[in-house]
Amino acid sequence: MDNVRLDKWLWAARFFKTRSLARQVVQAGKVQVDGQKAKPAKTITVGQLIKLPRGYDVMDVEVLELSEQRRGAPEAQKLYRETEESAERREKNAELRKMNALLSPHPDHKPDKRERRQLMRFKEQD
């Protein structure tokens, strides 16, 4: 197998649950192949770099193997390798998100009428 469609490979590598979702993300321009936006039918080959969104982060992966068939997760992980810079950036962003969550705690309940009035008075003290 020399080349595979981008949307099929993303689906086979288990980045997306369905091929339709993979196609939608690629069409939206959120996936780049070798630094350029790609279309779902773009053929990819071994050694190309793909940049794609994963939750809150962007992942950079290198294509190691090609496959059109979706298989188990251990086999799917052999299709790609995440770059070191991408892994470091994802870890750093995760740490920053955790720190931000600790600095702005969310209340465990909705303020009642009395608490809302106290908040309004506090904000008006400036």
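1. Buried means under 20% relative accessible area, exposed over 50% and partly exposed in between, with a 1.4 Å probe and protein chains only. By this definition Phe15, with a relative accessible area of 6%, is buried.

2. This is a predicted model, in which local features need pLDDT of at least 70 and side-chain atom pairs count only at pLDDT 80 or more, while totals for chains, interfaces and linings use all residues. Residues are numbered from 1 along each chain as its sequence is written, and side-chain values use heavy atoms, with hydrogens and water left out.

3. The structure holds 3 aromatic pairs, a pair being rings of Phe, Tyr and Trp (its six-membered ring) with centres within 6.5 Å, counted as stacked with planes under 30 degrees apart, edge-to-face over 60 and tilted for the rest. The rings of Trp9 and Tyr80 have centres 6.5 Å apart and planes at 80 degrees, so this pair is edge-to-face. Because Trp9 lies in helix H1 and Tyr80 in strand S7 (residues 80–82), the pair ties together parts that are 71 residues apart in sequence.

4. Phe15 and Tyr80 form a tilted pair, 4.6 Å centre to centre with 45 degrees between the planes. Trp9, Phe15 and Tyr80 form one aromatic cluster.

Definitions and conventions:
Helix = DSSP H or I, 4+ residues; strand = E, 2+ residues; numbered from the N terminus.
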